[in-house]
Amino acid sequence: MKKEILRQLSHVAAGCLFILIIHYFNLFLALATSFAMLVGWLFVGFAHKQGLNVPFFSWLIKTLQRKHEIEYPGRAHILFLASVALLLILTILFFHDGRIAIGALIVLSFGDAASTIFGKIFGRGELAGRSFVGSFAGI
């Protein structure tokens, strides 16, 4: 359980980083940051899979990765960053307003963390492998 909480806190921290970049700078810098981090994590995942130790990042993967994700090192971080990049691209193309991106990032970061943590702690009934409590907490 402690591992899952740390994992979700890493997603919340990354979401907060992007929120701060958008608030204090702009959407384009946040998008560039998300792409840079995405490429970095793809490199780290590949290196880790080849048996190379990348300081700090290999520790993050070993500490936070779920057992069923062992075949794809850094998968959760890569998917999160890809989601952030897509969210920012859509916001730039269609809305031109950083407040929309900030709202979506809050839902993505905090909603996902809340649903996972509450689902693990209080979840009983399941629907498609997800607990009702976790689903409602995410909403």
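Start by selecting Glu-4, which sits in helix H1; helices here are DSSP runs of H or I with at least four residues, numbered from the N terminus. Keep in mind that this is a predicted model, where local features need pLDDT of at least 70, side-chain atom pairs count only at pLDDT 80 or more, and totals for chains, interfaces and linings use all residues. Residues are numbered from 1 along each chain as its sequence is written, and side-chain values use heavy atoms, leaving out hydrogens and water.

Is Glu-4 buried or exposed? Its relative accessibility is 10%, so Glu-4 counts as buried (buried means under 20% relative accessible area, exposed over 50%, partly exposed in between, with a 1.4 Å probe and protein chains only). Now show Arg-66, Thr-116 and Lys-120: Glu-4 is in contact with these once neighbours within four places in sequence are set aside (contact means heavy atoms within 4.5 Å).

Next, stay on helix H1, which spans residues 2-24, and pick Leu-20. Leu-20 is partly exposed, at 47% relative accessible area.

For the last stop, select Arg-7, Leu-60, Ile-61, Leu-64, Gln-65, Glu-69, Gly-74, Arg-75, Ala-76 and His-77, the lining of the largest cavity.

How values were computed
On a 1 Å grid over the protein atoms alone, a cavity is a set of points where a 1.4 Å probe fits but cannot get out, and a pocket is an open set with protein on both sides within 12 Å along at least five of seven lines; lining residues have an atom within 4 Å of a point. Helices (H or I, at least four residues) and strands (E, at least two) are DSSP runs, numbered from the N terminus.
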